[in-house]
Amino acid sequence: MNVRRRLLAGLIGAAAIATAAPAFAAADMAAAKTEGKIVWYTSAPIKQAQQLVNMFKDKTGLEVELFRSGGSAIMRRYLQERDAKRAYCDVLTTSDPAEMTMLAEKGAFTAFKPDGIEQVPKDAIEPHNFYVGQRLNIVANYYRDDKISDADAPKTMKDLLDPKHKSKMVMADPSFSSLQLAVVGMTAKTLGWDYYAKLRKNDTMVVQGAQQVVEMVKRGERLIAVGASDSYATSARAEGRAIKTIEPPDGTFLIPSPTAIIADAPHPNAAKVFVDFLLSKEAQALVPASGGYAARKDIPPPKGNAPLASITTTPVDYSYIEKNAGAIKKKFNEVFE
């Protein structure tokens, strides 16, 4: 190819990229009113989800058809409909950024910049605006501070390897928890699988999920939760439990619960209005009551929790997690068999 042809090809390529860039049209309330409703699939806490639905209907007059279940059930239902080329869902909110990232790469979502997105941490926004966090999950460590003194508590992930913590720790299985899959995958990537081998040697117990982790700590059967969802610790503290969270600088993760608009949504305009609403201050103010962090930085954290700006978090490579999910689960099971 001569210089002139190479230059022309480059100009055509640049023009194609510019043409493909999303326009990010604002939500159109008049068009949304014509559509009349949206269908929302969500894994948000049930009380929170219903409050949001009621608030949105009161505010806009638009109906919301709600399907609320666990993250795996939500995703399974959506994928079955996608495979059958039947579009029912308008807005999808899950707890699995890795799978949502993979779906975004396949063109499953409509890029959209909701009002207030400038208040959301960049780690909670898909780089091309195909999803934004509806709420944030802080994954850290927590412990029984009536059984372990603050001086003896593990401040870093590497502190957990100290023999004085042997037989005191519990963690969730990444084969059952998408949050834990991201945590284990990134921790193993940065600290190596030898780190988990040492945790195993220190008699760390593995249970199915986050609920089982917090119950073990509440009962005092284990005293330290490793790589665990802070929302469970927050709820336990609200019950009067002596549980304290530590955000280790080498192992705290901010994992969003992504919200996306489906590319072939039956009610696309109402969907944009709804996502705008989910990121509004009035809607986000409901999130801390459920123990989680709001997606917006200008909403206070759950009572007794550290402000988001003061927490050092480890970035998560969701493409890496999605592509290596099977290998991560297999290796973890080999280490803890």
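How many nonpolar, polar and charged residues are in the lining of the largest pocket? I will come to that after a word on the model.

This is a predicted model, in which local features need pLDDT of at least 70 and side-chain atom pairs count only at pLDDT 80 or more, while totals for chains, interfaces and linings use all residues. Residues are numbered from 1 along each chain as its sequence is written, and side-chain values use heavy atoms, with hydrogens and water left out.

Now the count. The lining has 12 nonpolar, 21 polar and 7 charged residues. Here Ala, Val, Leu, Ile, Met, Phe, Trp, Tyr, Cys and Pro count as nonpolar, Asp, Glu, Lys and Arg as charged, and the others, Gly among them, as polar.

The volume of this pocket is about 1,100 Å³. Of its 40 lining residues, Gly71, Ser95, Ser178, Leu179 and Tyr232 lie nearest the centre. Elements giving two or more residues to the lining include H5, H6, H8 and H9, and the largest share, 5 residues, is from H4.

On terms: with a 1 Å grid over the protein atoms alone, a pocket is an open set of points with protein on both sides within 12 Å along at least five of seven lines; a cavity is a set where a 1.4 Å probe fits but cannot get out; lining residues have an atom within 4 Å of a point. Points are joined across faces, edges and corners, and volume is the space filled by probe spheres set on them. Helices (H or I, at least four residues) and strands (E, at least two) are DSSP runs, numbered from the N terminus.

Next, cavities. There are 4 of 30 Å³ or more. The largest holds about 60 Å³, and E8 gives the largest share of its lining, 3 residues. That lining has 5 nonpolar, 4 polar and no charged residues.

Then helix H8, residues 210–219. Its buried residues are Val213, Val214, Met216, Val217 and Lys218. Buried means under 20% relative accessible area, exposed over 50%, and partly exposed in between, with a 1.4 Å probe and protein chains only. Just after H8, Gly220 has a positive phi of about 80°.

Last, Arg237, in helix H9. Arg237 counts as partly exposed because its relative accessibility is 22%. Beyond residues up to four places away in sequence, Arg237 touches Asp230, Ile243, Lys244, Thr245 and Asn305, where contact means heavy atoms within 4.5 Å. Its side chain makes a polar contact with the side chain of Asn305, at 3.2 Å. A polar contact is a pair of N or O atoms within 3.5 Å; within protein, one must be able to donate a hydrogen and the other to accept it, and residues adjacent in sequence count only if both atoms are side-chain atoms.
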